[in-house]
Amino acid sequence: MAAASCLLCEHQFLCSICLDVFTDPVTTSCGHNFCKSCITEHFNVNVPYQCPMCKEVFHTKPQLKINTFISEMVAQFRHEAQKRAVLDHKNHEFVPLRKEHEEQKTELKKIEAEIWQMIQERQLKIQEIQHSVDLGKKAADRQTAEGVEVFTALMESAQRSLIQLKEEIQEKQRTTEKQAEDFIKELEQEISELKKRGTELKQLSGCEDHLHFVQRFSSVNTAPPMKTWTKVSVRPPSYEGTVVRAVSQLEDKLRKDMKKMVEAELKRVQQYEVDVTLDPDTANSWLVLSEDEKQVKCGDGRKNLPDKPQRFSLCCNILGKQSFCSGRFYFEVQVKGKSGWALGVVRESVNRKVHIALNPQNGYWSIWLRNGNEYCAPSVHLSLESQPQKVGVFVDYEEGLVSFYDVDSSVLIYSFIGCCFNDKLLPFFSPCRNDGGKNSAPLIITPVRHTE
């Protein structure tokens with residue numbers, strides 16, 4: 001019983017941070033006790049301020065008060081401990097048991113320290129996760145605001161185009177109606193004149209005064225000048241092509257707005273530029289690399305290279321040295337002067353020893369050029385207004401996004417969305433066969449040229 005009481009007292013005098021007997025014990029406002037130096041250091045490195053025992057959060061750094069009662073009890077405990085040590089020394093037959101006890105206490109302290117370390121690691125992970133959520137929310141709010149602004153502008157442009165279309169149609173109709181009104185007015189005037197002349201002729205025909213008849217006949221017999229209306233007509237306005245032209249103009253406006261958006265997006269993704277170099281150990285034996293490992297082309301013959309597991313055996317492919325399993329990254333490749341090439345990213349585990357379709361099912365997220373003007377993605381023919389001279393490749397691993405840009409024209413060529421990456425990704429390059437020298441230009445990894 002006495003031993004149990006002694007152990008209980010010793011446990012009560014241990015600081016939960018250093019796991020040793022209190023030194024200068026102080027009490028927090030939540031009622032827990034710690035060594036003054038331990039709790040001070042804890043508050044200096046942990047913000048917000050939080051009690052290590054009950055996790056109560058303090059909005060300001062707590063005022064620490066010396067616990068005189070525990071100080072006195074610790075002093076008494078140490079005095080008793082010294083007495084016990086003397087007793088243990090005198091009663092050396094109990095020394096082995098005491099030694100075992102001390103060793104077990106040391107082990108317990110080590111375990112408790114490890115537990116406390118694990119708690120702190122998990123608390124930091126919670127803060128890290130919450131920080132990521134906060135960043136994601138800010139990004140979502142910013143993207144939503146940009147989307148609202150863009151689509152509001154698009155709707156306003158469409159509304160203005162509709163108003164202009166209606167005004168154009170109405171103006172044509174008003175012009176036709178005005179022309180018809182003028183013709184009708186002129187016809188009614190001539191009808192009135194003809195009726196007047198008819199009345200005069202009728203009156204003259206009944207006149208018995210020969211002198212008056214002869215005098216009036218010459219003036220009545222002469223017909224007044226009249227318009228020939230045979231070829232006069234009012235043609236309904238033609239509206240053919242009116243809507244098509246309006247939509248075409250709207251498309252031009254949207255295309256210009258789209259270009260501005262892509263320019264802004266391209267500047268953002270270029271901030272994630274990484275330095276990519278080519279990996280000679282993966283190069284097909286037909287390929288020729290530059291000394292700086294930034295250029296690759298297909299040579300005129302096969303080189304005698306060791307058949308390493310990572311080397312492409314049948315296809316003129318090569319990978320980058322750098323691999324990525326998280327985050328975002330971007331690189332640019334010059335494709336100028338080539339009639340065939342393929343670019344993108346691949347899974348590290350992709351099969352390199354067989355001919356294989358360049359699609360996500362086989363671990364390839366890429367686009368390619370064939371026959372000088374046929375741009376393709378998996379199962380898609382890409383319609384491009386101009387031939388890219390430099391292609392930018394952007395990957396957001398967590399988002400599952402791979403996008404390709406025509407850098408010089410600031411045009412989005414193609415995007416893979418909703419991808420599921422569960423392996424390391426490596427940059428992928430294929431200069432394709434040189435086609436008797438027609439496709440001998442190299443693929444060149446170029447530094448990003450940032451613009452204001």
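Biologist: Which helix gives the most to the lining of the largest pocket, and with how many residues?

Modeller: Bear in mind that this is a predicted model. Rolling a probe the size of a water molecule over the atoms shows where empty space is left. In this structure, the helix that gives the most to the lining of the largest pocket is H4, with 17 residues.

Biologist: What is the volume of the largest pocket, and which residues are the closest to its centre?

Modeller: The largest pocket has a volume of about 1600 Å³. Its lining is made up of 39 residues, and those closest to the centre are Ala 139, Gln 143, Glu 146, Glu 265 and Arg 268. At least two lining residues come from each of helix H4 (95-205), helix H6 (242-269), strand S14 (390-396), strand S15 (401-406) and strand S16 (411-416). Sorted by class, the lining of this pocket holds 17 nonpolar, 8 polar and 14 charged residues.

Biologist: How many cavities of 30 Å³ or more does the structure hold, and which residues line the largest cavity?

Modeller: The structure holds 1 cavity of 30 Å³ or more, and the space in the largest cavity comes to about 30 Å³. Among the residues that line the largest cavity are Phe 312, Cys 315, Asn 317, Arg 352 and Tyr 364. The lining of this cavity divides into 5 nonpolar, 2 polar and 2 charged residues.

Biologist: Let us turn to the strands. In what order do the 3 strands of the open sheet stand?

Modeller: The order is S2-S1-S5, and the pairing in this open sheet is antiparallel. Strand S2 (33-35) and strand S5 (65-66) are at the edges and have a single partner strand each, so one side of each is left without a neighbour in the sheet. Between strand S1 (residues 25-27) and S2 there are 3 bridges in the antiparallel sense, and Val 26 has Phe 34 in S2 as its bridge partner. Helix H2 (residues 36-45) lies across S1 and S2, and its direction makes an angle of about 95 degrees with S2.

Biologist: Is strand S17 (residues 425-430) buried or exposed, and why does that matter for how I read its place?

Modeller: A residue counts as buried when its relative accessible area is under 20%. In strand S17, 6 of the 6 residues are buried, so the strand is largely enclosed by the rest of the structure. Strand S8 (residues 318-319) pairs with S17 in the antiparallel sense over 2 bridges, with Leu 319 opposite Phe 428. Strand S10 (residues 341-347) runs antiparallel to S17 and is joined to it by 6 bridges, and here Val 345 has Pro 427 as its bridge partner.

Biologist: How many residues of strand S9 (residues 328-334) are buried, and which residue in S14 stands opposite Tyr 330?

Modeller: Strand S9 is mostly covered, with 5 of its 7 residues buried. S9 pairs with S14 in the antiparallel sense over 7 bridges, and the residue opposite Tyr 330 is Phe 394. S9 also runs antiparallel to strand S18 (residues 443-446), to which 3 bridges join it, and Glu 332 has Thr 446 in S18 as its bridge partner.

Biologist: Finally, where is Gln 170 placed, and how many Å apart are Gln 170 and Ala 75 in space?

Modeller: Gln 170 has its place in helix H4, and it counts as partly exposed because its relative accessibility is 40%. From C-alpha to C-alpha, Gln 170 and Ala 75 are 101 Å apart in space, while in sequence they are 95 residues apart.

How values were computed
Residues are numbered from 1 along each chain as its sequence is written. This is a predicted model: local features need pLDDT of at least 70, side-chain atom pairs count only at pLDDT 80 or more; totals for chains, interfaces and linings use all residues. Side-chain values use heavy atoms; hydrogens and water are left out. Two strands pair if DSSP finds at least two bridges between them. Helices (H or I, at least four residues) and strands (E, at least two) are DSSP runs, numbered from the N terminus. Contact means heavy atoms within 4.5 Å. Axes are lines fitted to C-alpha atoms, for helices over the stretch in contact, and angles run from 0 to 180 degrees between N-to-C directions. On a 1 Å grid over the protein atoms alone, a cavity is a set of points where a 1.4 Å probe fits but cannot get out, and a pocket is an open set with protein on both sides within 12 Å along at least five of seven lines; lining residues have an atom within 4 Å of a point. Grid points are joined across faces, edges and corners, and a volume is the space filled by probe spheres set on the points. Ala, Val, Leu, Ile, Met, Phe, Trp, Tyr, Cys and Pro count as nonpolar, Asp, Glu, Lys and Arg as charged, and the others, Gly among them, as polar. Buried means under 20% relative accessible area, exposed over 50%, partly exposed in between (1.4 Å probe, protein chains only).
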